[in-house]
Amino acid sequence: MLELLKIEWLKLKNYKAFLIIGIFFIIGIFVTNYMVLTVFNKMVDKTEAGMLLGKFMPYDFKHVWQTTSYTSGYILILPVMLLIMLVTNEFTYKTNRQNIIDGLSRLDFINVKIVLATLFAVISTIFVVITGFALASTTGTEFSLHGFSQVGYFFLKAISYNFFAVFLSVLIKRTGFAIGVYFIYMSAENIIAQLLDVWSMKIKADSKLDLGSLGSYLPMNASDSLLSFPENPFKSMAKSAFPTDYHYLTISIAVFFVVLFYWLSRRIILTKDL
Amino acid sequence: MNILTIDNLSKNYGKIQALQQVSFTVPKGTVYGILGPNGSGKTTMLGIVMDVLKSSGGGFKLFDEMPNDSHRKRMGTLLETPNFYHYLSAVQNLKIAAKIKQRGEDDIDRVIEVVGLAQRKNSPFSSYSLGMKQRLAIGSALLGNPEVLVLDEPTNGLDPVGIAEIRSLIMSLASQGKTIIMASHMLDEVEKVCTHVAILKYGKLIASGDVNEILVNEDVVELAASNLDALKNMLTSFPNILSLQIKDKVVQMNLPQGTANMESINKFCFDNNIVLTHLQLKKKSLETKFLELTN
């Protein structure tokens, strides 16, 4: 696998989009979190809302892992774009065929893309940890790994997004079209998820059947729903109306879809004409 | 040893049958031409052998074994069009190919030199002309000096000088004992370099074997006299005659290869009281033979 990754590195290292998106991603994670931090600092200091918030600081070590994981999730669209471009380019320029002709197996071809998607998720997670640590250090609070499991959820979310990107790329094969379908799908799933969530509340109220929030059982929303902004005085809603949060069920569903996307991508590459 | 054994290979694209139960064998050390007009299934067949297409039926063997990835690493292949990373240079692209083939990078400069791209070896592939792209694809096939070369329309997009260069390259590789499988719709290309040939038409194999057996050449003699019908009638009694027909105001007489003797033909006619106004020996062109076979 290391040899296969070296081949991917030869393709990547001179690819301008890789460099540009990579830089934007790293800066993006830092800047987004820094902006959230600044907004909160200003609020606490000067506004009336700050009084309400009291001592709540999203970037102290108690909350930082959750805040950074949640906030950085929005930047994951960048590695997704890059992955779609990398995989669909192989089809556009028929280099996938050339790789196979030169002696790569079809299985190696898809597996190394999946490993690349995993590696992107690992690197994203590492930057989240670094950013979280750096910003939390500025708050002067005591180091803590409280809520560090949120970083794990961020990793799961990154894996879900990236595997979905690889699956769409091998399914659609055209760069622009795949990116378009990705956005449309994400919007559609979010709308459906919200409708399902409302429906879940209705089911709970009407029949006392507590199925959890059905919206979070959808492929992308499963890992999305694991991440949220830390609890704070602003978020004091009437919790009892919400269905129970079946945490482990949601994690299992997210993992199930990750495996499904891999299996489908692999099946397409192994059985179809290239 | 056989390099490639194709056994009842078929491929459908929906209702279209691109290949219909094609079988033939490529022995080691041959230059095997796969001849056929556009759309006859040449590339489809090679695509299946290279595992980029899936067959609908039948199978094939490489090096007398069930095909696997390591076989392809031992072959240098140019299939259909040059496929390279457009933002990478010739050298960078060949590094990727060398790594996939699990060969060192030390052969890259040699093949770039052989195909005449040394001047532009560090320019991005996207800046290459069609001919240069084709040259790089041939260079990539030569990488690591493989024992088997599969070349699909190798002279596509090349200028006359390039075509001549590639032909002499193929012949020098063949003289080193390499097996070359070459698909082409260019008849003279196949005639000039191939020892064996398989002819495909609409996905069907219509002939395969030694090029001298398949593309048997005949001597064609063109004759004319004031009375063509009388000339034709008289010639029916000429010894060893294969066929005879009137075509474009001349009589065409086919004789076994190398047996046409202009002097004796002229004497034969004169002895039978016919004075010829035209007498010419014509080699039967491969093109005519090809049209005969495929029509």
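## Cysteines

B:Cys194 is buried, with a relative accessible area of 6%, and B:Cys269 is buried as well, at 0%, where buried means under 20% relative accessible area for a 1.4 Å probe and protein chains only. Over all chains the structure holds 0 disulfides, a disulfide being a pair of cysteine sulfur atoms within 2.5 Å.

## Basis of the model

This is a predicted model, in which local features need pLDDT of at least 70 and side-chain atom pairs count only at pLDDT 80 or more, while totals for chains, interfaces and linings use all residues. Residues are numbered from 1 along each chain as its sequence is written, chains are lettered from A in the order in which they are written, and side-chain values use heavy atoms, with hydrogens and water left out.

## Where chain A meets chain B

Between the two chains, 26 residues of chain A are in contact with 27 residues of chain B, contact meaning heavy atoms within 4.5 Å. The area buried between chain A and chain B is about 2700 Å², of which carbon and sulfur atoms give 55%; buried area is the accessible area (1.4 Å probe) that two parts lose on being put together, summed over both.

## Salt bridges

The count between chain A and chain B is 5 salt bridges, each being a side-chain nitrogen of Lys or Arg within 4 Å of a carboxyl oxygen of Asp or Glu. A:Glu3 forms a salt bridge with B:Lys99, and their closest N and O atoms are 3.4 Å apart.

Notes. Buried < 20%, exposed > 50% of the residue type's maximum accessible area, 1.4 Å probe, protein only.
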